[in-house]
Every structure is written in C-alpha cells, then in structure tokens.
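Trainee: I am new to this one and would like to know what stands behind the labels. Could we look at it together?

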Amino acid sequence: MPVGIEAWLVQVPPVTRAWLLLSVATTLAVQCQVVTPLQLYFSFKSAFTNTQLWRILTTFFYFGPFSLDFVFHLFFFMRYSRMLEESSFANKKADYFWLLLLSSVMLLALSPLFNLPFLSSSLAFVPIYVWSRRHPSTPISLFGIFTISAPYLPLALVAFSWVISGTWKAAAGDLIGCAVGHIGWFLRDVWTREMAGGYTFLSEAPDPLKRLFGDI
C-alpha cells in the first residue's frame, strides 16, 4: 500500500476507518472470487436457522461489485461518517459505535419486511442523515451543480442513487437508512433534550463499552 494512502488512513477516525477497510476487503474478496455474495447476504433463516451467524456482519460490509453505485455509496458514507465522527463524536468513539450498532439492529429487524439482503448502503445513510440534522444551516454543493441546505442532503442522495442504479429498490434501501438515522438522531438529540430529560442507554453507550474504547 502506498505511503500516502497509509498516512491518509491514519488520519481517518477509528470507527470509520475500520468500517471502510472491512467494506473494501469484503468487496475485494468477492471480486477475487474468494467468497460469493450468496455467502454474505442476510436472512433470518440463513443466519439463525442454519447458524451462519457471520451474515449478521457481512451484510453491512458488501456494497456490491465495483461500479459507479459502489463508488457513490462508499464515497459519501466515508465523507460524512468521518465528518460526524470528527465533530459530534470527537473523543466519543464508543458513542459513535453504539449509534451504528443500534442502527444495525434496527436494520436487521427491518430487512425481511423490505426484502433487503444487503444493508451496507442503508447503514451508510445513517451517519449522512445524522450529520445533516446536526448541521442544518450548512450549505452543500452537490457535484458543483447546485447548492442545497444540509437537511435536504439525504433525500438528494437517495434521488441520485435511484438515477444511477436504475431501480427503486436501491433507493428504498437508502430511504430505510434515512428512517433509521432519523430515529437515532431523535433519540439522541430530541428525546434526551425535550422529553426524557437526560441520556438513556438508547442514546449513549454503556460504560463497559466506553471502557473498551478507552473513552473513560
């Protein structure tokens, strides 16, 4: 690996870096025919009845074969996951991991309802959505063509995903990711402030996880 890429990876926050490396490694493994997508997708029957528990994880790391859609999802997940981890979750690695973990659980529960065997792009939209809601006044230039405010970013990216994929199903997975991201944002930023009056286990990582990540 070139030194420049190594230096760049070191600068990426740890949770985002681990997610990126696992996603690229999974895609390379498929491209090199080490594994097939049929061994990676999630279904309750395959994961639990057939005890193929690795599918609970691999469904979040496979973005599909190398293509424009792959580059699109990987680029925007990387960009906004990094920005979110460096800003709102600076020195809070456990809290960011906890947000992604709870979001993953919700997506796994929703997967059979919407027939989504791969949940990587759905999970990628969670940090995009949360970042957009935490920076509502930030102007975003999309591809240098037009400018929108941050809260409209997820919907604009969903529309673009629909265009490049040519099918509504890809956009549906991204929309579900936005919905789960909204729940995560609501529990952390709205519920704790206006209704519950404080953090709960749904909005803040438990202490053992914080110790594991070295946050306390």
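Mentor: Gladly; what follows is a short talk about labels and the values behind them.
Mentor: This is a predicted model, where local features need pLDDT of at least 70, side-chain atom pairs count only at pLDDT 80 or more, and totals for chains, interfaces and linings use all residues. Residues are numbered from 1 along each chain as its sequence is written, and side-chain values use heavy atoms, leaving out hydrogens and water.

Trainee: What does phenylalanine 72 touch, not counting residues up to four places away in sequence?
Mentor: Its contacts (heavy atoms within 4.5 Å) are Leu157, Phe160, Ser161 and Ile164. The C-alpha atoms of phenylalanine 72 and phenylalanine 160 are separated by 9.2 Å, although the two residues are 88 apart along the chain.

Trainee: Which label does leucine 53 get, and why?
Mentor: Leucine 53 has 49% relative accessibility, so partly exposed is the label.

Trainee: And what of cysteine 32 and cysteine 178?
Mentor: Cysteine 32 reaches 56% and therefore counts as exposed. Cysteine 178, with a relative accessible area of 7%, is buried.

Notes. Buried means under 20% relative accessible area, exposed over 50%, partly exposed in between (1.4 Å probe, protein chains only).
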